[in-house]
Amino acid sequence: MIGLTRTTGERCCLDPAEIQRIEAHPETVVFLTDGAKYLVLETPDQVVGKVREYRAAVLVNAWRLIDTPTHRAEVTGAAIVPFPHRPRG
């Protein structure tokens with residue numbers, strides 16, 4: 001879930017997998033696959049950044065689970081190669 005701020009100041013959490021599109025009228029509108037719309041204070045770029053960070057965290061955590069010593073001994077014929085860390089900027 002990603003945390004966003006509605007235009008009323010209320011905090012909400014949305015599932016990034018349910019986001020269909022994001023539009024900027026003057027306010028940012030997040031459209032979900034079920035037809036719901038959320039007006040949020042964050043810019044479209046900020047929402048996209050939060051979705052990227054969420055998905056990256058999911059991949060990192062999955063990699064950590066798979067890269068345990070006991071699991072590595074069980075896996076044969078496949079290799080998981082982590083991406084090199086690249087500093088932002």
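From the N terminus on, the elements of the protein chain follow the order β-β-β-β-β-α-α, which amounts to 5 strands and 2 helices. Helices (H or I, at least four residues) and strands (E, at least two) are DSSP runs, numbered from the N terminus. The model is predicted, so local features need pLDDT of at least 70 and side-chain atom pairs count only at pLDDT 80 or more, whereas totals for chains, interfaces and linings use all residues. Residues are numbered from 1 along each chain as its sequence is written, and side-chain values use heavy atoms, with hydrogens and water left out.

The pLDDT, the predictor's confidence in each residue from 0 to 100, averages 85 over the protein chain, and 74% of the residues score at least 70. Among the elements, β4 has the highest mean pLDDT (98), and helix α2 (residues 69-74) the lowest (55).

The chain begins with a hairpin of β1 and β2, with 5 residues between the strands. Gly9, in the turn, has a positive phi of about 95°. Strand β1 (residues 2-5) pairs with β2 in the antiparallel sense over 4 bridges; two strands pair if DSSP finds at least two bridges between them. In β2, Cys12 is the bridge partner of Leu4, and Cys13 is that of Gly3.

How are the faces of these two strands covered? Both faces of β1 are covered, with Ile2 and Leu4 buried on one side and Gly3 and Thr5 buried on the other. Buried means under 20% relative accessible area, exposed over 50%, and partly exposed in between (1.4 Å probe, protein chains only). Strand β2 (residues 11-14) has Cys12 and Leu14 on a covered face, and Arg11 and Cys13 on an uncovered one.

Thr5 counts as buried because its relative accessibility is 14%. Leaving aside neighbours within four places in sequence, Thr5 is in contact (heavy atoms within 4.5 Å) with Glu10, Arg11, Leu39, Val40, Leu41 and Glu42. Ile2, with residues up to four places away not counted, touches Cys12, Cys13, Leu14, Pro16, Ile19, Val47, Lys50, Val51 and Tyr54.

The next three strands form an open, antiparallel sheet in the order β3-β4-β5. β3 (19-24) and β5 (37-40) are at the edges with a single partner strand each, so one side of each is left without a neighbour in the sheet. On average, neighbouring strands of this sheet are turned by 20° against each other, direction ignored. Helix α1 (residues 44-66) packs on the sheet and touches β3, β4 and β5; its direction makes about 155° with that of β3. Such axes are lines fitted to C-alpha atoms, for helices over the stretch in contact, and angles run from 0 to 180 degrees between N-to-C directions.

Within the sheet, β3 and strand β4 (residues 28-32) pair over 5 bridges, and Arg21 stands opposite Phe31 in β4. β4 is joined to β5 by 4 bridges, again antiparallel, and Val30 has Tyr38 in β5 as its bridge partner. The hairpin of β4 and β5 has 4 residues between the strands, and Gly35 takes a positive phi near 95° there.

In a regular strand the side chains alternate between the two faces of the sheet.

Which residues make up the largest nonpolar core? Its 11 residues are Ile2, Leu4, Cys12, Leu14, Ile19, Val30, Leu32, Tyr38, Val40, Val47 and Val51. β1, β2, β4, β5 and α1 each supply at least two residues of this core. A nonpolar core is a set of buried Ala, Val, Leu, Ile, Met, Phe, Trp, Tyr and Cys residues joined through side-chain atoms within 4.5 Å.

Of the 89 residues of the protein chain, 20% count as buried. The chain exposes about 6900 Å², of which carbon and sulfur atoms supply 56%; accessible areas come from the Shrake-Rupley method with a 1.4 Å probe, and for residues only the protein chains shown count as cover. Among contacts between residues at least 6 apart in sequence, 35% join residues at least 24 apart.
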